[in-house]
Amino acid sequence: MAREFTRVGVVGLGTMGAGIVEVFARNGVDVTAVEISDGALERGRATLTGSTDRAVAKGKLAEAERDALLARVDFRVGLDALHDVDLVIEAVPEHLDLKQRIFAELDRVCKPEAILATNTSSLSVTEISVATTRPNQVIGIHFFNPAPVMKLVEVVRTVVTSADVVADVEALCERLGKVDVTISDRAGFIANALLFGYLNHAVGMFEARYATREDIDAAMKLGCGLPMGPLALMDLIGLDTAYEILDTMYRRGGRDRRHAPAPLLKQMVTAGLLGRKSGRGFYTYERPGSPKVVPDEYTPLAVDAALADGARAIAKVGVVGSGTMATGIIEVFAKAGYEVVSVTRGAEKSAKVCEAVKTSLNKGVVRGKLSETDRDAALGRITWSATLEHLADVDLVVEAVIEELSVKKALFASLDEICKPGVVLATTTSSLPVIDVAMATQRPADVVGLHFFNPAPIMPLVEIVQTIRTSAETSATARAVCAKLGKTGVVCGDRSGFIVNALLFPYLNDAVKMLEASYSTADDIDYAMKLGCGYPMGPFELLDVVGLDVSLAIQRELYLELREPGFAPAPLLEHLVTAGYLGRKSGRGFRDHTRR
Ligand SMILES: NC(=O)c1ccc[n+]([C@@H]2O[C@H](COP(=O)([O-])OP(=O)(O)OC[C@H]3O[C@@H](n4cnc5c(N)ncnc54)[C@H](O)[C@@H]3O)[C@@H](O)[C@H]2O)c1
């Protein structure tokens, strides 16, 4: 017989606690909600009523349901109010000594059979449990932010947690409409262990002025389909909480430098910039607790204003290459009204590219996204050629040939001879240093990276890669072109992986290492990232789509350039590639795709 949970207690009504109260009360469970002072209690109550009022306004909750929900919550100051609850969830700040003190007190106050749970993100549940006389009834129930929305709960069992306690908590999660993954007590569990290295890396990029906060966030949203960018997510989590989580993960998780909190974080926390909850973090919010970002002194000018900064006029564009990227890029430019000269290595290749562009435009017509007239006009703007000399009068060249430095350098040297002065020369390389390509010409100031994503006609992001020699005019031109293409151009420095790959692939590699260490299964890790963090795909799904060989190559580049020990490719990834398990394209990667 599963245990009945008729009344639960929640301790600490901050970012997480208030949301956890809502989850229980929404599902018909009575809650005793406890804070440390009257002021904190009122803030917690205001968070709950604010959230439920918003749900009513959005038509997601009836007024009567909201009233019933609120009536289920008994707000109290002090832990003594928890004497009759069946389960307590603690959600106080991420400090071990504080949590241990609270658990010792809960052990004294609560019924002997009550389960004591912590919502800690990174601390040892085992160390918290030994502060009580009932460590077998102590468990981690890790909700995700915002708790009423995110489906995932990580259930953390220590070596002494009773099996029936685990089973009862799993059943409770189901009753709350959550999906649980049950795991053992390791720093960061699944999701945070994979998330926080990435978040900290993004903060480091911002701190090093590698890219702006808006561009880092836009890159990850638009390049990977994430629900929010890493810096906006840090603000949501709370920078003080994030600092503590990183600090604990660094100490507990093998002193991985990637978890050593970026110095900027400590400064921001000390200065009271805690994120949304204090009204200011990486961004500025309308008021404390508000999700609404308001402009501040760092808000960039709109692209239009930036154009006043001397972008060159671009009417005619050359695209060199005949692969997937070149084909997509030709279509993108032609559709946006540019005259396009496509140059391939021969008439046969040109015919194939032309066919592919036509097929793709026709699909647009069939789907009602493009009129026949616009399709014909776009096709009419493209000329097909097999000689680079035809690029003599273009204003911009986009190179999308094979990813080999010698080939790209030779091509840029030729373009330097052929093209008129003032042309912008762009490379779509995703992994080579743009400066190497630029220095193959006599005009490095005119060379820039334009890293399109695949499929180019669909993906809204372009990384604009500035080398140390790219001129402001070239950069402004690249931004203006991206805007005219209807793409979001994010500007970054010339470092391996630019923004997106540098932030994405180490995370994927970490997921492989987690699997390799048998901490969890590919399915549970995929669930954790999708349901806990709102990712469109789990890491193993994504690796199989991208290709394990491609992922390994990118990870190797990152490791070679940045020499970060934590970026060393996971041995399991190398073995799978050696074994020919490359993902969907070979029928098998982390999963078998032949049996569907
Ligand atoms: N923020 C997140 O995104 C997130 C996500 C999952 C888990 N967590 C974990 O949840 C826990 C709480 O984090 P948070 O972000 O909600 O912190 P928070 O700072 O927003 O809230 C903590 C609350 O605890 C209260 N408190 C402090 N001492 C107390 C005491 N002795 N008795 C009762 N209440 C007390 C504070 O007044 C505050 O309201 C941490 O362990 C954190 O790691 C956080």
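**Entry 1: ligand**

I started at Ser 121, where a side-chain N or O atom sits 2.8 Å from an oxygen atom of the ligand. I count such a pair of N or O atoms as a polar contact when they lie within 3.5 Å; within protein, one must be able to donate a hydrogen and the other to accept it, and residues adjacent in sequence count only if both atoms are side-chain atoms. The model is predicted, so I note that local features need pLDDT of at least 70, side-chain atom pairs count only at pLDDT 80 or more, and totals for chains, interfaces and linings use all residues. Residues are numbered from 1 along each chain as its sequence is written, and side-chain values use heavy atoms, with hydrogens and water left out.

Lys 99 places one 2.5 Å from an oxygen atom of the ligand. For Thr 241, the distance from a side-chain N or O atom to a ligand oxygen is 3.2 Å. Next I checked burial: the ligand taken alone exposes 830 Å², and the protein buries 88% of that (Shrake-Rupley areas, 1.4 Å probe).

The shell has 24 residues, of which Met 16, Glu 35, Glu 94, Lys 99 and Ser 121 come nearest to the ligand; a residue is near if one of its heavy atoms lies within 4 Å. I sorted the shell by class and got 11 nonpolar, 9 polar and 4 charged residues. Here Ala, Val, Leu, Ile, Met, Phe, Trp, Tyr, Cys and Pro are nonpolar, Asp, Glu, Lys and Arg are charged, and the others, Gly among them, are polar. Helix 1 (15–26), helix 4 (96–109) and strand 6 (138–143) each give at least two residues to the shell. Helices (H or I, at least four residues) and strands (E, at least two) are DSSP runs, numbered from the N terminus.

I traced an open sheet of 8 strands with mixed pairing, in the order 3-2-1-4-5-6-7-8; two strands pair if DSSP finds at least two bridges between them. Strand 3 (73–77) and strand 8 (179–184) are at the edges with a single partner strand each, so one side of each has no neighbour in the sheet. From one strand to the next the twist averages 25°.

Strand 6 pairs with strand 7 (residues 152–157) in the antiparallel sense over 4 bridges. Within this pair I found Ile 141 bridged to Val 155 of strand 7. The loop between strand 6 and strand 7 holds Pro 146, and the peptide bond from Asn 145 to Pro 146 is cis, with omega near -5°.

Helix 4 lies across strand 1 (7–11), strand 4 (87–90), strand 5 (115–118) and strand 6, at about 165° to strand 5. Contact means heavy atoms within 4.5 Å; axes are lines fitted to C-alpha atoms, for helices over the stretch in contact, and angles run from 0 to 180 degrees between N-to-C directions.

I traced another open sheet of 8 strands, ordered 13-12-11-14-15-16-17-18, with mixed pairing. Its edges are strand 13 (382–385) and strand 18 (488–493), each with a single partner strand, so one side of each is left without a neighbour in the sheet. The twist here averages 25° from strand to strand.

Strand 15 (residues 424–427) and strand 16 run parallel, joined by 3 bridges, and Thr 427 stands opposite Gly 449 in strand 16. I found a cis peptide bond from Asn 454 to Pro 455, with omega near -5°; Pro 455 is in the loop between strand 16 (447–452) and strand 17 (461–466).

Helix 8 lies across strand 17 and strand 18, at about 125° to strand 18. In the loop between helix 7 (191–207) and helix 8 (213–224) I noted Arg 209, a residue other than glycine with a positive phi, near 55°.
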